[in-house]
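Here is a walk through one protein model, taking a helix and then a sheet. Have the viewer open and follow along.

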Amino acid sequence: MNGFKQLVFLAIFFIVIYVVKSSIYTVSEVEQVIITQFGKPVGLPVTDAGLKFKLPFIQDVNPIDKRVLEWDGTPSDMPTKDKLYISVDLYARWRITAPLQYFLRLRDERSAQSRLDDILGSETRNAVAKHELIEIIRTTKNREPLRDELLTETEREQKLGALVPIHKGRKLVEEEIFKAAAEKVHVFGIELLDIRFKRINYNASVRPKIYDRMISERRQIAERFLSEGNGEAARIRGNRVRDLNKIQSEAYHQVEQIRGLADAKATEIYSSAYNRSPEAIAFYEFTRTMQSYKSIIAKNTTLVLSTDSDLFKFLKGMSPDNNVSANIKE
């Protein structure tokens, strides 16, 4: 009989412990709790940490995280306004501010992540489609490119390497996505804290075309520089030929002047030398005549001279030799 009473006592003791344990729960610092009775929420959300009580067996504890949570979307391809397909990878930070509303609409974090996928993915696609690629990539407005100090003033005025102007930039596009998505997730008891573009890449199918276009643009710039260089080289070569011709012309002019002065000086010396006596004059006439013979008399040369010709008086006494055959007619 005593053994039976002990068994009953132990059974009652374990039942009481189980009931007490079922009616007590703890709330941690990073959680908030929704109490449900037969699947329906009862009372207000429990947001204070500590030891709490509930009805055993018929009430359940549903913990909800109240920390800042992370949403990391999967990269997805989407077109920009200028018809370029890019792969966008977005991430966001959010937290649960209305746990009861969150519990009624979503129940758990997995459903919340799925709903964020739909909303943030849709708003990102809409924002990307409304802006050109340069607006999504660049952030700083009115950014000036670094220019080489060796560029001339003319080249600077041509604005070589000028950057395409932007009106919004990536930061404002992110703000547009944030505002549109924050309104839609608010009805689920969620507060969207921040979103950012994590990575933006060209779509794999259009990436080679983009690279080819970039290469083509660089080649056009290189061809323009090469054309300008060839033009400058042609101008330099033209100036060189012109200067060379000018130098040669001036040198030839100086040579002819010197040669004329030398001939005049030689003539003056000859004149002063041969005019000293009649014999010198006669010798000068003889030597000059002999020199002229070399230039006017060749093989088989025929001369028609008058009898009183100065050239004839030296030829009358000459007889033809083997090299020169001259027919002299009076």
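Helices (H or I, at least four residues) and strands (E, at least two) are DSSP runs here, numbered from the N terminus, and a helix's expected span is 1.5 Å times one less than its number of residues. Keep in mind that this is a predicted model, where local features need pLDDT of at least 70, side-chain atom pairs count only at pLDDT 80 or more, and totals for chains, interfaces and linings use all residues. Residues are numbered from 1 along each chain as its sequence is written, and side-chain values use heavy atoms, leaving out hydrogens and water.

Let's start with helix H3, residues 109-129. Its 21 residues reach 30 Å from first C-alpha to last, close to the 30 Å expected at 1.5 Å a residue. Buried means under 20% relative accessible area, with exposed over 50% and partly exposed in between (1.4 Å probe, protein chains only). The buried residues of H3 include Ala-112, Leu-116, Ile-119, Glu-123 and Val-128.

Two strands pair if DSSP finds at least two bridges between them. Three strands make an open antiparallel sheet in the order S3-S2-S5, with S3 (40-41) and S5 (59-65) as the edge strands, each pairing on one side only.

Strand S2 (residues 31-37) is joined to S5 by 7 bridges: Glu-31 stands opposite Asp-65, and Val-33 opposite Pro-63. S2 is mostly covered, with 5 of its 7 residues buried. Towards S3, S2 pairs over 2 bridges, and Gln-37 stands opposite Lys-40. The S2 and S3 hairpin has 2 residues between the strands, and Phe-38 takes a positive phi near 55 degrees there.
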